[in-house]
Amino acid sequence: MNSITQGSIMPKVQFISDKLAMLLSSLCVIHCLLTPMLIIALPSLASVTILNDETFHQILLFFVLPIGATALFLGYGHHKNKWVAAAGTLGLVLLSSPLLVEWAGLGHEVLGEHGEVLITVIASFIVVGAHIANYRLRKSVQKPACNKREVSQVQSF
């Protein structure tokens with residue numbers, strides 16, 4: 001792939017993946033905070049198992065982890081900011097920690113329902129913040145679009 005094509009595709013991939021990761025992480029927060037209120041307000045929603053089941057978080061994580069990691073990796077390749085990469089990685093690990101505890105066979109006993117919600121909300125905010133910083137840093141880092149010879153040709157006009 002030549003540098004022009006690669007130069008125009010990679011920022012688009014990172015832009016889309018940052019935005020998508022922010023959206024999906026925000027969905028985790030909305031799900032965690034609104035589902036209990038909706039089930040109390042509308043008891044008929046209690047029968048909709050996807051709302052109060054861990055399946056919803058597993059489905060979101062299936063998309064959040066690879067998309068978020070890709071966006072952070074591509075952004076880091078340009079801006080080299082270790083803090084953004086570390087914050088994003090921490091957020092992704094925290095976001096997946098309730099599921100990892102569940103898979104380890106410890107169930108809800110370790111974190112409890114409120115602990116899982118708290119960790120998910122905090123992790124989601126960290127992930128969203130890291131992707132916002134990743135996106136802004138990526139936009140602020142400008143790669144030179146042309147070499148010195150092309151610059152001198154433009155200046156001669």
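**Notebook: a helical chain**

I counted the secondary structure first: the chain has 6 helices and 0 strands, taken as DSSP runs (H or I of at least four residues for helices, E of at least two for strands) numbered from the N terminus. I worked from a predicted model, where local features need pLDDT of at least 70, side-chain atom pairs count only at pLDDT 80 or more, and totals for chains, interfaces and linings use all residues. Residues are numbered from 1 along each chain as its sequence is written, and side-chain values use heavy atoms, with hydrogens and water left out.

I then looked up burial. Of 157 residues, 30% are buried (under 20% relative accessible area, 1.4 Å probe, protein chains only).

Next I turned to one helix pair. Helix 4 (residues 82-103) packs with helix 5 (residues 112-140) at about 155°, and their axes lie 8 Å apart. The axes are lines fitted to C-alpha atoms over the stretch in contact, with angles from 0 to 180 degrees between N-to-C directions. So helix 4 is roughly antiparallel to helix 5 (an angle over 145 degrees).

I listed who meets whom (heavy atoms within 4.5 Å). Helix 4 brings residues including Gly-88, Leu-95 and Glu-102, and helix 5 brings residues including Glu-116, Ser-124 and Leu-137. The residues of this contact divide into 14 nonpolar, 6 polar and 2 charged (Ala, Val, Leu, Ile, Met, Phe, Trp, Tyr, Cys and Pro are nonpolar; Asp, Glu, Lys and Arg charged; the others, Gly among them, polar).

Last, I checked Ser-124, in helix 5. Ser-124 counts as buried because its relative accessibility is 1%. Leaving aside neighbours within four places in sequence, Ser-124 touches Ser-25, Cys-28, Val-29 and Leu-95.

How values were computed:
Angles under 35 degrees count as roughly parallel, over 145 as roughly antiparallel, 65 to 115 as roughly perpendicular and the rest as oblique. Buried means under 20% relative accessible area, exposed over 50%, partly exposed in between (1.4 Å probe, protein chains only).
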